[in-house]
Amino acid sequence: MSISSSQPWLALAQLAKAHKNDHMRDWFNNEPRRAEQFTQSACGINIDFSKNTITHDIFEQLLALADTANVTQARTDMFAGKPINYTENRAVLHTALRNFGDEPINVNGENILPAVQATRAKIKAFTESLHNGTHTGYTGKTITDVVSIGIGGSFLGPKIMTEALLPYHENKLNIHFVANVDGCHIQDVLAKRDPETTLVLMSSKSFGTQETKQNTLTAKAWFLGTGAPLDAIATHFAAISSNVPAAVEFGMNPELVFPMDDWVGGRYSLWSAIGMPIALAIGYDHFEALLKGAYAMDQHFQSAPAEQNLPIILGMLGVWYRNFQDAQSHVLLPYYHYLRGFPAYVQQLDMESNGKRNVTDGSAVDYATGPVIFGSEGTNGQHSFHQLIHQGDTIIPADFIMPLSVPNQDNTHHAMLASNCFGQTQALMQGKTFAECRAELPDSLNESEKDTLAAHKVMPGNKPSNTITFAQLDPFTLGALVALYEHKVFVQGVVWGVNSFDQWGVELGKVLGNQVLDAIHTGDMHASMDSSTQALINQFRESLQ
Ligand code: F6P
């Protein structure tokens, strides 16, 4: 039976109709304790979700829907290492990477925690050897720069978390991230590096991703082209991969190949050795604090009752908007410059996980699934796309995310930032009525002009948002925040019945891209190529002559 025929789903559809013309402004006026009743916190993260178009009945039914969808059982299965990624027959155990408990976690009858701990020890030792200068370049010079090459989950997590934790950087190494196969980037980065003091870190779970392989080959050619001997590759190149033999074949020193397992999905991999650049930037102890924050959120997710459970609350609010309010997208608005990359991080996490349309037996869903995720740092967005969120003819639920204090600053800027953040949530919720807008217009306008201008100025309000705050963005809190979103996406995937852990949708483009590359080099078109694609290839080939 489809989840859309379940009792709570039908009840929610009825409630959506019944409250169609309600306005949150009235709810706030009539319920003095609304903010308090719709606020929860855990692991240092506070979520005020009172500015959502939900009543207590709606909230109850959303939790009932999570229950009907068996979120609890799915959660138990994930943490226990059952092969819930059933299209790839894999367990989903990124949570094991940040598990600091003693209970064994078995995959194929073997406890994986000792290997997890061994990899952590290897990350620690390598980080320290670079920080204290015992791992030197081939001429004996200290390594000063790390070029980190990877894409997707092997890039976004390390880069964005490294950026977010800038106040915690140990400033022992300069880390440069390269993802795109666009040669401009790798050339720019390498042009400014000294090969004798540079380490290249290749991050690729598969070791087969075109962009990462090519960028690493380009870095290798650059390195050898500067006169470095071939055997120096062993000290200047390291890799993180589940395909260790391929990395060794590339010329890497097996000691500098950090393993990862197939039960870690790419977009969930920052907790594995893929997170090495973060450790190199902030030091191993801070990296461990990041893992511990995520572990704390894992424990909260597993044990808190649904009505207090932050990932379940965020997940089910998303379901409310996507399935009962026709929202197409969801915006993330970090009011903290260092967290500016977070929308792009959650974009991959959410859209690659729940951008699916088939349930377990392969049949297609009869309801909406993953939304479009976008966003940028506040206040910049206020002077750009917030216009559409305020007055556009669509609902865009928003998450405002802000630390209450920031390091190394007096309060001048931060108070302004906070006032903008909170003011936006108020404006979105309250709006401004026609009468309020009209009353402010100058008497120099005639009645008809007033009516017209007031209509343009009306802010409908009733636009939903969560306000997510924490004392400050330290490594522990960031770990908890990322895990919060991971589990939110998980909850939604369970309700929608999709497999949140595969990504078949990205495969066809890779195959066709390779066929196009062959055609660009040889001029031989593949039989499947349409006239448009052929014309584009010919145009490109002509430009090369
Ligand atoms: O193309 C999608 C994807 O597989 C992502 O899921 C992954 O994070 C990224 O490519 C990089 O993959 P890899 O780590 O194997 O190079």
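How many Å separate an oxygen atom of the ligand from an N or O atom in the side chain of Ser206? In this predicted model, the distance between the ligand oxygen and that side-chain atom of Ser206 is 2.6 Å. The protein covers 86% of the 390 Å² of accessible area that the ligand has on its own.

Ser204 places a polar side-chain atom 2.7 Å from an oxygen atom of the ligand. At Gly153 the backbone takes part instead: one of its polar backbone atoms is 2.7 Å from a ligand oxygen.

These residues belong to a wider shell. The ligand is surrounded by 14 residues, and Gly153, Ser154, Ser204, Ser206 and Thr209 are the closest of them. By type, the shell holds nine polar residues, three charged ones and two nonpolar ones.

The ligand takes up the space of the largest pocket, whose volume is about 1,000 Å³. This pocket is lined by 39 residues, and those closest to its centre are Ser206, Thr209, Val506, Glu507 and Lys510. Ser206 and Thr209 are also among the residues closest to the ligand.

Helix 21 provides the largest share, with five residues. Sorted by type, the lining of the largest pocket consists of 20 polar, ten nonpolar and nine charged residues.

Terms used: Residues are numbered from 1 along each chain as its sequence is written. This is a predicted model: local features need pLDDT of at least 70, side-chain atom pairs count only at pLDDT 80 or more; totals for chains, interfaces and linings use all residues. Side-chain values use heavy atoms; hydrogens and water are left out. A residue is near a molecule or strand if one of its heavy atoms lies within 4 Å of it. A polar contact is a pair of N or O atoms within 3.5 Å; within protein, one must be able to donate a hydrogen and the other to accept it, and residues adjacent in sequence count only if both atoms are side-chain atoms. Accessible areas come from the Shrake-Rupley method with a 1.4 Å probe; for residues, only the protein chains shown count as cover. On a 1 Å grid over the protein atoms alone, a cavity is a set of points where a 1.4 Å probe fits but cannot get out, and a pocket is an open set with protein on both sides within 12 Å along at least five of seven lines; lining residues have an atom within 4 Å of a point. A molecule sits in a cavity or pocket if more than half of its atoms lie within 2 Å of its grid points. Ala, Val, Leu, Ile, Met, Phe, Trp, Tyr, Cys and Pro count as nonpolar, Asp, Glu, Lys and Arg as charged, and the others, Gly among them, as polar. Grid points are joined across faces, edges and corners, and a volume is the space filled by probe spheres set on the points. Helices (H or I, at least four residues) and strands (E, at least two) are DSSP runs, numbered from the N terminus.
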